[in-house]
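Biologist: I would like to learn how to read strands, helices and aromatic pairs in a model. Can we go through them in turn?

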Amino acid sequence: MKFGVLTLSFVLILELVFGSFLVEKNNLKVTSPDTIKGVYECAIGNFGIPKYGGTLVGTVVYPMSNHKGCKSFSEFGVSFKSSAGSLPTFLLIDRGDCYFALKAWNAQQAGAAAILVADNKLEPLITMDTPEEDNANLEYLEKINIPSALISKSLGDSIKSAISDGNMVNMKLDWTESVPHPDERVEYELWTDSNDECGKKCDTQIQFLKNFKGAAQILEKGGYTQFTPHFITWYCPKAFLVSKQCKSQCINHGRYCAPDPEQDFTKGYDGKDVVVQNLRHACVFRVVNESGKAWKWWDYATDFSVRCPMKYNKYTSECADEVIKSLGIDVEKVYLCMGDTEGDVENPVLKAEQESQVGKGSRGDVTILPTLVVNNRQYRGKLEKGAVLKAICAGFQESTEPAICLTEDQNTNECLENNGGCWQDRAANITACLDTFRGRLCECPTVQGVKFVGDGYTHCKASGALRCGFNNGGCWRETRGGYTYSACTDDHSNVCKCPPGFKGDGVKSCEDVDECKEKLACQCPECKCKNTWGSFECSCRKGFYLREHDTCIGAFGVMKLGWSFVLILLLALTAATLSGYAIYKYRIRHYMDSEIRSIMAQYMPLDSQPNNTETHMDF
């Protein structure tokens, strides 16, 4: 029975095996010695934690023994842990004799910061994957944290030759461009499965869903990401449509199939049960996504895995419906989306999933389950919250990352050491250092609506309105004797100009102008000048000083001026009164004349009226 299952599984996945599998790569830059200096490609291993968005510098070591790394290096009394002040160790290991993941585990246990596996034949780079569950104890897989890379045989031989010649080989592993980062939103997909009886990989998927749920919902609710779950299915070849295997593993007349969960047709659930639940998962996402609450899919996926496991015989439609209802999701819409799973018809949702499996652009076909795709690039490494979040954060355009990407466990704040080499104003607590997931940027900031301009490294200066509120706009300012003068003005000129009474550049200094000594004021014969800081005082021997005219006026002159002003005012008032009276009399006379003429015109003809030859007599 098991042979039949394996045969069918081989047939179902044959098309994908010969599909377009894409090897995800990162750069490797050899900085010394000069004989092999250059930039090379290496393939990212599908285990451990690649430093997406970052770099790692180290020294390459090729072990004297255990060249293939299949045994623990402790058996040889060797440690590759770097000493204080030295570069991390990149351990170079030969391919062959054991699993790639075991080599990485032994290297990590010996203190290596990264592992380079040199290919043993001339061929294009391949992806180092984890071993199958049936053939290996995978306990150590979840404990691998160092990055791994496969390099070509020619590069491996060159490095070994340089080391044997006594040269120190230094290099930098670079993942900064392994994930595209075009804008402020990341689009990512998770190709997964609702099957929870496929061994360690299924357990890893379920644990990841639970652990990553919180971060995923924060990113989705904030509009930082666009997430889409996907589910792999295969079709049954025509030659097997009437076989027991196809009927139990497929729906819609062999169009959409999944392997038997237990790899045994005589017990437990069938592959078609998995296909139906995968379809339900996909439709739940469509329904919640249309309602604007795509993050609720994570609630459904995690709740379903807890409440409806296969081992308790709850992997049923009834259990799934209860979960859907408990989350306030419309069950009828979900079933409408799922359509007919029994008929000989196409299912639009599952057909779209099969089409999506085929690689487009730089993504390649999806052939590994689970597979995470970030900005159309397949993720390589451990399916673990921190590692996946690091890859997603690497997909944001620099300086647009959400706060969750800048926490201590995700990012090293380079602004904490020497302010990242950027400009800062310690007094105002303002800095041009902007911490990002990929490092740091030196950009003049905008603080409380005030924009600072400059190169960000050596200087930043406040500009525009309200600029004087920060470090006085970078201009001179000084206080003496309770008086404060400033060379800054709150306008859009963005210049520093010494105020009246001062001279200088307005930035570093403004010096008091001695108006008395330079004869700029208080120069009348009766004036007595005294210079003050920022101004002057002028007094008169007799009388008062008029600053606007720079002259002195005596007490008699002031009195005389005062009586003259009163006299002129009285004359003006008198003239205005007489004029008003004359106008009043004229208007009264004119009005009376008009009235009298009107009355007389009613009783006798006036000279101004024409003669009338026709008479009328009233009786």
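**Reading strands, a helix and ring pairs**

Modeller: In β6, V117 has L150 as its bridge partner. Keep in mind that this is a predicted model.

Biologist: Which way do the residues of β6 point, and are they buried or exposed?

Modeller: From β6 (residues 148-151), S148 and L150 point one way, while A149 and I151 point the other way. All of them are buried.

Biologist: Now a helix. How many residues does α4 have, and what span does it reach?

Modeller: Helix α4, residues 200-221, has 22 residues. From first C-alpha to last it reaches 31 Å, close to the 32 Å expected at 1.5 Å a residue.

Biologist: Where is the kink in α4 centred?

Modeller: On F212, with a kink of about 50°. F212 is also one of the buried residues of α4, which include F208 and L209. The buried residues of this helix pack against β8 (186-192), β9 (225-231), α7 (296-307) and α11 (385-393). Just after α4, G223 has a positive phi of about 75°.

Biologist: How is a pair of aromatic rings described?

Modeller: By the distance of the centres and the angle of the planes. The search of the whole structure finds 19 aromatic pairs. For F452 and F470, the ring centres are 5.9 Å apart and the planes are at 70°, so this pair is edge-to-face. F452 lies in strand β19 (residues 450-454) and F470 in the loop between β20 (460-463) and β21 (477-480), so the pair ties together parts 18 residues apart in sequence. Both F452 and F470 are buried.

Biologist: What are the distance and angle for Y485 and W533?

Modeller: The centres are 5.2 Å apart with 80° between the planes, and the pair is edge-to-face. Y485 lies in strand β22 (residues 483-486) and W533 in the loop between β25 (527-532) and β26 (535-540), so this pair ties together parts 48 residues apart in sequence.

Biologist: Why does W533 count as buried, and why is Y485 partly exposed?

Modeller: Buried means under 20% relative accessible area. W533 counts as buried because its relative accessibility is 19%, while Y485 is partly exposed at 21%.

How values were computed:
Residues are numbered from 1 along each chain as its sequence is written. This is a predicted model: local features need pLDDT of at least 70, side-chain atom pairs count only at pLDDT 80 or more; totals for chains, interfaces and linings use all residues. Side-chain values use heavy atoms; hydrogens and water are left out. Buried means under 20% relative accessible area, exposed over 50%, partly exposed in between (1.4 Å probe, protein chains only). Helices (H or I, at least four residues) and strands (E, at least two) are DSSP runs, numbered from the N terminus. Two strands pair if DSSP finds at least two bridges between them. The expected span of a helix is 1.5 Å times one less than its number of residues. The bend at a residue is the angle between axes fitted to the seven residues ending there and the seven starting there. Contact means heavy atoms within 4.5 Å. Rings of Phe, Tyr and Trp (its six-membered ring) pair if their centres lie within 6.5 Å; planes under 30 degrees apart count as stacked, over 60 as edge-to-face and the rest as tilted.
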